[in-house]
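Okay, thanks for having me, everyone. Let me put the sequence and the model up, and then we'll walk through them together.

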Amino acid sequence: MFYERFERLCQRESVSPTAVARGVNIGKSNVTYWKKGSEPKPETLKKLARYFSVTVNNLLKGITVGDRITEARISAGLTPDQLAEKLDVSAGLVMEWERDLRSPSAEQLTAIGEALGVTWYTDLIPDKVSEADREYEEVLDVLADAGLCVKSAGYGVGPGADGDQYFVWHEDAEDIDEDRTILRYIDLQRVVSAAQESAELRRREYLRKRLDLDLFGI
């Protein structure tokens, strides 16, 4: 759930959820909605990503290696600077690990585990994200970039998760119930994939025309 990830990031930065809401200039009531299961609008996700110095995709992930390092460090009573000193690395590198901006090597994970008194391969490595989860995150990213919101509409008809249904609507819709559409995940995935291919084709065509104009005057 988004709120669990949001709470971990707040813990990492030692700030309260309401303080973050003030920091990105949104009402604190949003935090209550997130706690009840809602997800932020795409524009809010971008603001939060900038606030926490992470990507939008990172905000929507479950537990990450960075989360595990942060939690283990806090449990050990260490600051990022103190952990960096123990590891003989920069505090900036520790923060990049915790923000999932850089992945520590196996040797570094071993050293981190020893410094924090944990076993790296059981305590610092979260469950692997499945290919289906990655594909789902990619679909969410594309919709967010297009200014569209998505929310589960419950189980539908069909095999496995492909048959689950989702609502999709414009983030600036005045009447969500009137604006939204509903479709199975497998169909949503197909539509998004086709739209990406079409957009990429148009981008290449525009790029070719612009280069022809600037380089050859035609």
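For the cut-offs, buried means under 20% relative accessible area, exposed is over 50%, and partly exposed is in between, with a 1.4 Å probe and protein chains only.

Quick housekeeping before I go on. This is a predicted model, where local features need pLDDT of at least 70 and side-chain atom pairs count only at pLDDT 80 or more, while totals for chains, interfaces and linings use all residues. Residues are numbered from 1 along each chain as its sequence is written, and side-chain values use heavy atoms, with hydrogens and water left out.

So, how confident is the predictor? pLDDT is its confidence in each residue, from 0 to 100. The chain averages 83, and 90% of the residues score at least 70. By element, confidence is highest in H7, at a mean of 94, and lowest in helix H10, residues 120-124, at 73.

Now the overall layout. The chain has 13 helices and 3 strands. Those are DSSP runs numbered from the N terminus: helices are H or I with at least four residues, strands are E with at least two. Of the 218 residues in the chain, 32% are buried. On contacts, meaning heavy atoms within 4.5 Å, 51% of those in the chain with a separation of 6 or more are between residues 24 or more positions apart.

Back to Ser-14, then. Ser-14 is in the loop between helix H1 (2-13) and helix H2 (17-23), and Ser-14 has a positive phi of about 60° although it is not a glycine. Asn-25 does this too: it isn't a glycine, and its phi is positive at about 65°. You'll find Asn-25 in the loop between H2 and helix H3 (29-35), and Asn-25 is exposed as well, with a relative accessible area of 67%.

Next, a few buried spots. Please zoom in on helix H1, where Leu-9 sits. Leu-9 has 0% relative accessibility, so it counts as buried. Which residues does Leu-9 touch, leaving aside its neighbours within four places in sequence? Phe-52, Val-54 and Leu-59. Leu-9 and Arg-99 are 90 residues apart in sequence, and C-alpha to C-alpha they are 8.6 Å apart in space.

At 14% relative accessibility, Thr-44 counts as buried. Apart from its neighbours within four places in sequence, Thr-44 is in contact with Ile-26 and Trp-34.

Last stop, the helix packing around H7. Helix H7 (residues 80-87) and helix H8 (residues 91-98) have axes that come within 8 Å and cross at roughly 110°. That makes H7 roughly perpendicular to H8. The axes are lines fitted to C-alpha atoms, for helices over the stretch in contact, and angles run from 0 to 180 degrees between N-to-C directions. Under 35 degrees counts as roughly parallel, over 145 as roughly antiparallel, 65 to 115 as roughly perpendicular, and the rest as oblique.

What makes the contact? On the H7 side, Pro-80, Asp-81, Leu-83, Ala-84 and Leu-87, and on the H8 side, Ala-91, Val-94, Met-95 and Trp-97. By class, the residues of the contact of H7 with H8 come out as 8 nonpolar, no polar and 1 charged. Here Ala, Val, Leu, Ile, Met, Phe, Trp, Tyr, Cys and Pro count as nonpolar, Asp, Glu, Lys and Arg as charged, and the others, Gly among them, as polar.

H7 also packs with helix H9 (residues 106-116), at an angle of about 115° and with their axes 10 Å apart. There, Leu-83, Lys-86 and Leu-87 in H7 meet Ala-111, Ile-112, Ala-115 and Leu-116 in H9. That contact of H7 with H9 has 6 nonpolar, no polar and 1 charged residues.

That's my tour, thanks!

Methods: pLDDT is the predictor's confidence in each residue, from 0 to 100.
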